[in-house]
Amino acid sequence: MTEAAISVQGLRYSYGDLEAVKGISFDVAPGEILGFLGPNGAGKSTTIKMLTGQLPPSGGSATVLGYDVGTGSSQMQARIGVCFEEKNLYVTMSAKENLEFFASLYGIKNPDADGVLRRVGLADRATDRVKTFSKGMRQRMMISRAFINTPDVLFLDEPTDGLDPTTAAAIRTTIQEEADRGVAVLLTTHDMFEADQLSDRVAFINGGEIVALDTPENLKLAYGSRSVKVRLRDGDGVREENLPLDDGSASARLAELATSPALLTMHTEEATLEHIFIQLTGRGLAG
Amino acid sequence: MNRRVSRPAIVASIVRKDFTEFSRDLLYIFLSVLGLVLFAVTYYLVPDTVDETLTVGVHQTGLDELFDQLDASEADGLALVQYAGGDELAAAVHDGDVMVGLAFPEGFLEAATAGEQPTVTVYSDAAVPPEVTGAVQSMVREIAYALTGHGLPVTEPAEESIVLGIDRAGDQTSMRDLMLPMLVFFILMIETFALSSLIANEVLNRTVTAVLVTPARVSDFLTAKTIYGTLLTGGQAVLLLLVLQAFTLGNLGILLATVLLGAVMFTGIGMIAGSAGKDFFSTLFLTMAFVLPLMIPTFSVLFPGTAAGWVQAMPSYPIIDTLNEVLTYGAGWSDVVGSLGAALAWVTVIFVIGLLVLRRKVRSL
């Protein structure tokens with residue numbers, strides 16, 4: 001059995017009397033992408049802060065690459081990459097200078113800054129100061145910075161936030177490539193499409209607790225219901241019908257509609273991760 | 001991939017990055033260069049000599065012999081300039097050609113010897129200290145007694161002048177020399193703004209958070225900021241002292257030690273202001289709020305003997321006092337050891353507070 005890249009057991013953190021993380025447990029294997037989903041204040045950022053050595057856990061235990069995060073091991077931090085939600089770049093320095101500076105903190109003598117910038121489509125802006133970059137370009141810089149030390153574990157907080165669809169798709173491809181080379185990825189996102197597309201497994205976190213953890217497919221099977229949405233011509237207007245597939249009760253009606261001249265469109269419907277989250281927690285992901 | 005990176009290498013990287021950021025900030029580059037040039041120019045524009053001669057303008061008729069004798073006998077410290085008319089004399093005083101003017105009326109000699117009270121007009125510019133005018137008025141009375149052939153109405157006591165400390169008669173400290181410690185202190189202060197701004201940016205933009213998820217520790221960050229702040233402020237001060245040719249073999253060690261203490265003190269202040277700043281203007285305001293009161297003791301250097309007890313109790317006083325003693329009066333280690341000790345104590349307190357405040361801020365992000 002492959003040793004987990006991230007292993008979390010009963011992890012807790014309290015801000016004074018407020019318990020932000022209430023004993024969560026999960027593992028992330030090398031090459032796996034775990035989507036970490038939850039609304040603001042659910043405990044996602046606090047968990048990532050503990051796992052990246054920024055906060056000492058109040059209780060429980062966690063290891064990253066075998067290193068105890070509580071001791072804030074420099075060796076662990078040398079092998080992780082972090083993409084923060086806030087664009088915390090040195091804006092008076094160029095893209096290349098930013099990467100070279102961070103590479104020097106990892107002890108990398110001749111970093112391939114140009115190569116990393118090429119991966120995120122910023123090679124032609126390598127010598128430009130970051131303050132001249134658009135929001136999307138800064139986001140791509142954040143991704144490139146997380147890659148500069150060729151990490152074994154990536155913590156990505158909203159990595160495609162603010163990107164146009166084409167660039168976002170390119171970044172998702174890059175993240176998938178990292179996972180394919182064996183990097184464990186903890187991905188925090190509000191984008192359900194992104195989570196569904198990228199994540200091998202998804203953890204729903206709410207109120208400091210993990211309320212569900214499984215593959216997107218299993219979650220949909222466990223908490224969703226299959227149905228077919230049918231649109232029919234009805235006089236001068238259009239009428240919709242939803243037919244459940246799970247109990248077989250709509251088989252006859254489906255067969256009837258399939259040959260009906262009134263039939264306009266017929267689509268299968270499945271539960272989205274957002275619907276499942278709402279079903280589990282009674283609240284949306286955006287809040 | 002396992003890599004090992006030494007703590008000094010991490011600190012050096014952060015310091016290099018800080019100087020790169022500083023070099024990209026045109027405002028602080030401008031302020032640094034302006035401060036250096038302005039202070040150097042000011043220093044060289046201020047006179048480096050002190051005129052100890054009292055120049056008195058005189059308008060008189062029939063007293064030539066007396067004033068020739070006075071001019072000859074009081075060659076040291078008194079210069080007499082004769083004017084043909086009262087209006088000319090008044091204009092000369094007004095223009096600053098002479099400090100004080102004495103206009104003796106026609107027939108002064110006859111009137112004085114006859115026991116009358118002739119009126120002598122004393123002209124003085126508004127800027128002339130009243131004690132100088134008073135001394136000249138006393139001189140007029142002595143001249144009157146001399147002309148009438150009488151002695152003074154009192155017996156002159158025997159006088160023995162004892163000057164405590166260095167007798168600077170004929171060797172007064174010039175305004176240029178007096179200003180030097182103040183200029184050095186000001187240049188130390190100026191760079192505090194650049195440091196506090198840099199720290200505030202690190203905290204507000206949370207770039208420090210990105211640094212601290214690498215192998216860099218909080219202690220590396222604090223060490224780097226200490227080195228950067230000390231090099232920035234101390235370097236500027238040393239540069240100014242070099243430009244002003246203030247270093248000698250005798251004072252080199254003391255001056256470097258004093259500048260180092262000043263630089264560390266302002267680094268601590270920069271850390272406090274930078275940690276507390278919410279934006280550019282609040283950081284600027286906070287830095288000024290800490291730094292401006294520390295300027296007060298510098299004025300005691302310009303006006304020796306004026307430092308009140310509370311001024312001497314200020315953290316900046318021992319540093320300014322040491323700079324003054326060394327730069328102005330050529331003091332050695334043994335003369336300033338007390339001031340240096342007090343400076344070290346204050347610097348330690350301020351710097352430790354700065355470190356603790358910044359560490360707390362960074363850990364709270």
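Mentor: Let us start with a definition: a residue counts as buried when its relative accessible area is under 20%, as exposed when this is over 50%, and as partly exposed in between. Please keep in mind throughout that this is a predicted model.

Trainee: With that definition, are B:Asp18 and B:Lys225 buried or exposed?

Mentor: The side chains of these two residues meet in a salt bridge, with 2.8 Å from N to O. B:Asp18 belongs to helix α1 (residues 7-24) of chain B and B:Lys225 to helix α9 (residues 218-243) of chain B, so the pair ties together parts that are 207 residues apart in sequence. As for their cover, B:Asp18 and B:Lys225 are both buried.

Trainee: Which residue forms a salt bridge with A:Asp196, and is that partner buried or exposed?

Mentor: Side chains of opposite charge can pair when their charged atoms come close. Here the closest N and O atoms are 2.6 Å apart, and the partner of A:Asp196 is A:Lys220. The pair links distant parts of the chain, with A:Asp196 in helix α7 (residues 192-198) of chain A and A:Lys220 in helix α8 (residues 216-223) of chain A, 24 residues apart. A:Asp196 is partly exposed at a relative accessible area of 29%, whereas A:Lys220, with a relative accessible area of 10%, is buried.

Trainee: How many residues of helix α1 of chain A are buried?

Mentor: This helix covers residues 44-51 of chain A and is mostly covered. Among its buried residues are A:Lys44, A:Ile48 and A:Leu51, and just after the helix A:Gly53 takes a positive phi of about 85°. The count of buried residues in α1(A) is 6 of 8.

Trainee: Is A:Gln139 buried or exposed?

Mentor: A:Gln139 sits in helix α5 (residues 135-147) of chain A. Leaving aside residues up to four places away in sequence, A:Gln139 touches several others, including A:Cys83, A:Lys87 and A:Glu158. Because its relative accessibility is 0%, A:Gln139 counts as buried.

Trainee: Which element gives the most to the lining of the largest cavity?

Mentor: The structure holds 2 cavities of 30 Å³ or more, and about 60 Å³ of space lies in the largest. Residues of both chains line this largest cavity, among them A:Ile80, A:Phe102, B:Ala210 and B:Thr214. The elements that give two or more residues to this lining are β6 (80-83) and α5 of chain A, and the one that gives the most, with 3 residues, is β6(A).

Trainee: Which element gives the most to the nonpolar patch?

Mentor: The patch lies on the surface with about 660 Å² of accessible area together, and its residues include B:Leu27, B:Leu34 and B:Phe280. B:Leu34, in helix α2 of chain B, is partly exposed, with a relative accessible area of 38%. With 5 residues, the element that gives the most is α2(B).

Notes:
Residues are numbered from 1 along each chain as its sequence is written. Chains are lettered from A and ligands numbered from 1 in the order in which they are written. This is a predicted model: local features need pLDDT of at least 70, side-chain atom pairs count only at pLDDT 80 or more; totals for chains, interfaces and linings use all residues. Side-chain values use heavy atoms; hydrogens and water are left out. Patches are made of residues with over 30% relative accessible area and no salt bridge: like charges are joined within 9 Å, nonpolar side chains (Val, Leu, Ile, Met, Phe, Trp, Tyr) within 5 Å. Accessible areas come from the Shrake-Rupley method with a 1.4 Å probe; for residues, only the protein chains shown count as cover. A salt bridge is a side-chain nitrogen of Lys or Arg within 4 Å of a carboxyl oxygen of Asp or Glu. Helices (H or I, at least four residues) and strands (E, at least two) are DSSP runs, numbered from the N terminus. Buried means under 20% relative accessible area, exposed over 50%, partly exposed in between (1.4 Å probe, protein chains only). Contact means heavy atoms within 4.5 Å. On a 1 Å grid over the protein atoms alone, a cavity is a set of points where a 1.4 Å probe fits but cannot get out, and a pocket is an open set with protein on both sides within 12 Å along at least five of seven lines; lining residues have an atom within 4 Å of a point. Grid points are joined across faces, edges and corners, and a volume is the space filled by probe spheres set on the points.
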